[in-house]
Amino acid sequence: MHYVGWFFVLVGATFSFLAGLGIFRMPDVLNQSQAGTKASTLGILALLVGFSFINPNVSPKLILMALFFLFSSPIASHTICKAALRRNKAKLILDSNPLLKEGEANE
Amino acid sequence: MNNFIFTFLSLFLIWSALSYPLTNQEIIFGLILSLFISILTQYYNQRSKSFKIKSLYHLIKYFIVFLIELVKANFNMARIVITPSLPISPKIYEVKTELKSNIAKALLANSITLTPGTISVDLEDDTIYIHVVEGTKVDDVEGLKGPFEKILKEAFE
């Protein structure tokens, strides 16, 4: 039981590390948040699963935490991306920025 | 009445998860509290649509598909991050959705964010703006929504 738990903790740590690496390597806000949200979601889920294997007494609380995290993390990244696009902070390799209306200058 | 039972059960489940290992005292207190709160909120529940058992089944199906897609997305992202040349070609696509209710739209946007290589940037009426990391690989824009729209449509409509 303990070994299964530590295995999951290892997987979670690896994915969290990859999330950090992704944030470091990606060129602009949108891509950074892509890496950050995805890898860190699975990383934290795996960590929580691992902990609940190690100490089964707290597993219901950990499940609640996991559910909350599953719903809140995409919303956070969604809001960050929207704000970045609205303020035109994303260094986009795009044809145009669909969220800016005509007349608002593309810097 | 259906909504009342649903509120009561979910409140009690959350209570017992929070105060696990349960003693008798905690079970009784939780039952009283959830009954009290569900009576208080009954007025608001009457205005919303009543909850069906069938949509619970679809929601569970949605959750399983969602977990599989999440794992796939993570391996995809890990591959991109590790590759030394950083193979990205970001693009933003507009996709129309047929879903009507707000909860369904929010869930669809959430699941798009957690599926491989896509992130939902903005949601206006029925248009979702999707940012894709590997823009050159997309050949079917409707396919970006994945299998979720069908399942959510069955669950909420």
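Begin with chain B, whose secondary structure amounts to 6 helices and 3 strands; helices (H or I, at least four residues) and strands (E, at least two) are DSSP runs numbered from the N terminus. Followed along the sequence, the elements of chain B are arranged as α-α-α-α-β-α-β-β-α. This is a predicted model, in which local features need pLDDT of at least 70 and side-chain atom pairs count only at pLDDT 80 or more, while totals for chains, interfaces and linings use all residues. Residues are numbered from 1 along each chain as its sequence is written, and chains are lettered from A and ligands numbered from 1 in the order in which they are written.

**Overall form of chain B**

Display the C-alpha trace of chain B, which spans about 60 × 35 × 25 Å along its principal axes. The radius of gyration of chain B is 20 Å, whereas a compact globule of 157 residues would have one near 15 Å; the value is taken over C-alpha atoms, and the globule rule is 2.2 Å times the number of residues to the power 0.38.

Next, colour chain B by its domain assignment, which gives domain 1 (2–47) and domain 2 (53–156). Such bounds come from an automatic or database domain assignment. The centres of domain 1 and domain 2 of chain B, taken over C-alpha atoms, are separated by 33 Å.

Of the 157 residues in chain B, 26% are buried; a residue is buried if 20 or more other C-beta atoms lie within 10 Å of its own, exposed if 12 or fewer, and partly exposed in between, with C-beta atoms placed from the backbone. For contacts in chain B with a separation of 6 or more, 70% are between residues 24 or more positions apart; two residues are in contact if their C-beta atoms, placed from the backbone, lie within 7 Å.

**The annotated segment and Phe36(B)**

Select residues 29–44 of chain B, which an unreviewed UniProt entry lists as "transmembrane region". UniProt positions follow the numbering used here, feature names are shortened, and annotations may be inferred rather than shown by experiment. This span of chain B is 94% helix and 0% strand, with its end C-alpha atoms 24 Å apart.

Now centre on Phe36(B), in helix H2 (residues 24–40) of chain B. Is Phe36(B) buried or exposed? Phe36(B) counts as exposed because it has 11 C-beta neighbours inside 10 Å.

**The strands of chain B**

Move to E3(B), where 5 of the 6 residues are buried. E3(B) pairs with E2(B) in the antiparallel sense over 6 bridges; two strands pair if DSSP finds at least two bridges between them. Within this pairing, Leu123(B) is opposite Ile128(B), and Ile119(B) has His131(B) as its bridge partner. The hairpin of E2(B) and E3(B) has 2 residues between the strands, and Asp125(B) there takes a positive phi near 50°.

E3(B) is also joined to E1(B), again antiparallel, by 6 bridges. Here Lys96(B) stands opposite Thr127(B).

**Where the chains meet**

Show both chains and select their contact, to which chain B gives 29 residues and chain A gives 33. On chain B, at least two residues each are supplied by helix H1 (2–18), helix H4 (53–82), strand E1 (91–96), helix H5 (102–113), strand E2 (118–124) and strand E3 (127–132). H4(B) provides the largest share of this side, 7 residues.

**Chain A**

Finish with chain A, which has 3 helices and 0 strands. Among its 107 residues, 36% count as buried. The unreviewed UniProt entry lists residues 6–24, 36–56 and 62–81 of chain A as "transmembrane region". Residues 6–24 of chain A are 100% helix and 0% strand, with end C-alpha atoms 27 Å apart. For residues 36–56 of chain A, the figures are 90% helix, 0% strand and 29 Å.
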